[in-house]
Amino acid sequence: MAYQDSFGDNAELLRRTITGFADLSGRSRRTEVIYYWIATALAGVIFEFLVTTLLPASAAVALTSAFQVATMIPMFALLVRRLHDQNKSAQWSSLYFLAVLLRIPVMIAELRGNVDEILTAERSPANLLSGLCGIIIIVLCLIAGTNGPNSFGPDPRLEG
């Protein structure tokens, strides 16, 4: 597929990310990552507004947590393809799982709704390490890919 800068091709990048949640092969452009981040941020704001407006707080927190987990799945596959674009091993994507696992205490505290527990979990070393892993993931997603073909496939910017 040739990637251009038209709206249809940009929508195709987003569609590929959402429908290719199990596709761990090939390469993805930085543009695909940015579109996915924007789309999930917008969808998340709208979803959270609707859920918190229409449902009790405990149900709203549970549903927004479920939404976050659902958006993590395509992001993992996208991260693997971005690493492939840089000719890096997908083993770097283990940072993604580490970030999520270290964030679980905060998510549990939010589900319980105890403010003191949430504040304690937010300030924990595990949560700080989760944030550091998140920063590394962002940097990995935004590093330029290799020019031309690499061991994971052709350059997605040049495919025709």
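I count a polar contact as a pair of N or O atoms within 3.5 Å; within protein, one must be able to donate a hydrogen and the other to accept it, and residues adjacent in sequence count only if both atoms are side-chain atoms.

**Ground rules.** I am working with a predicted model, where local features need pLDDT of at least 70 and side-chain atom pairs count only at pLDDT 80 or more, while totals for chains, interfaces and linings use all residues. Residues are numbered from 1 along each chain as its sequence is written, and side-chain values use heavy atoms, leaving out hydrogens and water.

**Entry: Asn87.** I looked up the side chain of Asn87 and found a polar contact with the side chain of Ser151, at 2.7 Å. Asn87 sits in the loop between α3 and α4 (94–112). I noted a positive phi of about 60° there, although Asn87 is not a glycine. Not counting residues up to four places away in sequence, Asn87 touches Thr146, Asn150, Ser151 and Phe152 (heavy atoms within 4.5 Å).

**Entry: α3 and α6.** Next I checked how helix α3 (residues 57–85) packs with helix α6 (residues 125–142): the angle is about 55° and the axes are 9 Å apart. From α3, Met75, Leu79, Arg82 and Leu83 make the contact, and from α6, Ile137, Leu140 and Cys141. I sorted these residues into six nonpolar, no polar and one charged.

Definitions and conventions
Axes fitted to C-alpha atoms, helices over the stretch in contact; angles between N-to-C directions. Helix = DSSP H or I, 4+ residues; strand = E, 2+ residues; numbered from the N terminus. Nonpolar A, V, L, I, M, F, W, Y, C, P; charged D, E, K, R; others polar.
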